[in-house]
Amino acid sequence: MPTPLPADFVAQRLPTSVLSTPRPGSRWGRLVSWLPGKLGGVLLILVVAVLLVYPLISFLLLSFVPNLFGQAGGGVGAFGRALNGYALEALRNSLIVGLVSAAISAGLGLGLSWLSQRTTLREGRLLAGLMWVLLLTPSYLISVGWLTLVQRGGLLSGLGADWPWLRGFILGPGGVIMVLALIHVPFAYLATAPAWNGIGGELEEASKVHGVRAVTAALLSARLLLPAIVAAFAVSFAESLGDFGVASTLAAGAHFPVATFAIYRALYANPLDFPLASATSWLLLLLSGAALWMQAKVARRAGAYAALTGRGRLAQRVRLGAASTLAVRIGLGVLLLMLLGIPALGTLVSAFVRRFSDGLALSNLTLEHFSEAARAGISGPLAFSALMALLAASVAVGLGLGLAQLLSKPSPIARGLDLALLAAMAFPGLVLAAGYIFAFNQPFLPLYGTAWLLGAAYATGGMPTASRLLLGPVTQLHRSLSEAARVHGLRPASVSRRVTGPLLAVPIFSAWLLSATHVMFELPMSELLYPPGKPPLPVALIGYTNNFDFSLGAALELEAVALVLLAVWLLRWLFARLTPPGWRRGALTEGQR
């Protein structure tokens, strides 16, 4: 048995700079090592409480506590008004639209995931990339594209193709359901695509051996996929209920009230009706919670649908016939056209034509809308949104990184914090913005109407997502890394800069890019919280649409999308060129070891 080393063996061989710091085993050393982490964690929890918990809780409590913060009309009586008149009609419409659109989204997502995972169709392999493109496209941009096309005096009307039946469909419940169903297909696809791997090839072979009909075999597969299908439906339903982009554009233009627009209307009433907005938010959350509860109930019985074993074989991909391949390709083309093609066509043509009534003649094409949009938008809304995105994304990722470090250490506080962040992700952005209006428009916190409050809302909205994105990489960092660094004399700041920072560089950069891009096109918070005279980019785009200035709005939209894509490409190029190779590989370079 080896002889134990002396207690001061390591200390005798450490550099003098380390010997000058308190040893970890001493009482003073334990205090020094405890304070930064504990104080940092306490400060971070306080920041989360002020920026996230306080506005949401105070706003939602208004429906139960009368005269909260001196606000008249609060208390349970607000629910009576929320279940009457315009608010009740909006809730009923949201429920119907959510159910129908979620069913369509789940069906389309299931079919697309089958094409991607179970067939030899070449286009099926491109579906995952297309789903991510759609996932990052704001819903109001697609709605504005359809509005530009079918609105009276819009593109089709100017080209002599004024079809009342199409305008009546798009500017009505059918159009709202169609757009919501299409834009939420990515959620259903991502929920069902991995589940196909759970159905091995032996099940299909057994069905063929026993002479099971194709319809019966398909129903059996659908039953095994039930947890994923229910998850796709629940997520699509919740997203449809909380969507504000379609509600403020297509549904508002069709005079078709939905719940999110009812909340927005209550907050813009004269006087402001916070109690009605709070009660409507509760009812909206109740509907979303019912769908998520159903999904959780099915997930608890997921063992009944388990089919993946260690002896399973991969299912063979189906080779579609010539007729089936042609039909599928036509269907995919139509779907892509409705999702991106038609809205993009409406936006492009609107931006380049001088007058809709003169058609697509060469003499009617112009670039003056782009120059006017550049003068009005780039130096104003676009620059303001870019500044907000830069600052808010940095704060969101910084807070998210701290939260991820707290969540990676099991404790009751971490579990409570995790629950609060998950609940925040379930709240629509409109509800959080409404909470900011109420909570920070008090005499002791008079921040409403300032750019500071809008930036704080942006950062708070991106904080839960950033923490989720960084939680996995943070948990992969073994604690021995920081312990060894401290033993060798590195202070906590140096450990972050020279050890953990390089290892987390890629996830942090990716989370920052995602947060900044989201802030650039974030609509609900922008619409409710922007300071007077300084509209962000989304507010400017919606303003042009509401004023029927489709050409200027389309030109500004194209310029904004092009500049954002260019900025993302440039930042990624700079990151690849300026950072050490080890940062991009998630490893330490020789100079950092």
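Analyst: A residue counts as exposed when its relative accessible area is over 50%, and as buried when that area is under 20%. The model is predicted, and the values below are computed from it.

The residue in question is His 255, in the loop between α15 (245-253) and α16 (259-267). Its relative accessibility is 72%, so His 255 is classed as exposed. The backbone of His 255 has a positive phi, about 55°, although the residue is not a glycine. Most residues other than glycine have a negative phi.

Phe 256 and Pro 257 are both touched by Asn 93, leaving aside residues up to four places away in sequence. Asn 93 belongs to helix α5, which spans residues 85-118. With a relative accessible area of 11%, Asn 93 is under the 20% cut-off and therefore buried.

One is helix α18 (residues 322-352), which has a kink of about 50° centred on Leu 337. Buried residues of α18 include Leu 335 and Leu 339. Further along α18, Ile 342, Pro 343, Gly 346 and Thr 347 are also among the buried residues, as are Val 349, Ser 350 and Ala 351. Thr 325 and Leu 332 are buried as well.

The other is a helix pair. Two packed helices are described by the angle between their axes and the distance between the axes. For helix α25 (residues 505-520) and helix α28 (residues 550-578), the angle is about 165° and the axes are 11 Å apart. Because angles over 145 degrees count as roughly antiparallel, α25 is roughly antiparallel to α28. The crossing of α25 past α28 is right-handed. On the α25 side, the contact is made by Ala 505, Val 506, Phe 509, Trp 512, Leu 513, Thr 517 and Met 520. The α28 side supplies Val 564, Val 568, Leu 571, Arg 572 and Phe 575. Sorted by class, this contact of α25 with α28 has 10 nonpolar residues, one polar and one charged.

As for the whole protein, there are 29 helices and two strands. Of its 593 residues, 45% are buried. Among contacts with a separation of 6 or more, 76% are between residues 24 or more positions apart.

Notes: Residues are numbered from 1 along each chain as its sequence is written. This is a predicted model: local features need pLDDT of at least 70, side-chain atom pairs count only at pLDDT 80 or more; totals for chains, interfaces and linings use all residues. Side-chain values use heavy atoms; hydrogens and water are left out. Axes are lines fitted to C-alpha atoms, for helices over the stretch in contact, and angles run from 0 to 180 degrees between N-to-C directions. Helices (H or I, at least four residues) and strands (E, at least two) are DSSP runs, numbered from the N terminus. Angles under 35 degrees count as roughly parallel, over 145 as roughly antiparallel, 65 to 115 as roughly perpendicular and the rest as oblique. A crossing is left-handed if the near helix is turned anticlockwise from the far one by less than a right angle, and right-handed if clockwise. Contact means heavy atoms within 4.5 Å. Ala, Val, Leu, Ile, Met, Phe, Trp, Tyr, Cys and Pro count as nonpolar, Asp, Glu, Lys and Arg as charged, and the others, Gly among them, as polar. Buried means under 20% relative accessible area, exposed over 50%, partly exposed in between (1.4 Å probe, protein chains only). The bend at a residue is the angle between axes fitted to the seven residues ending there and the seven starting there.
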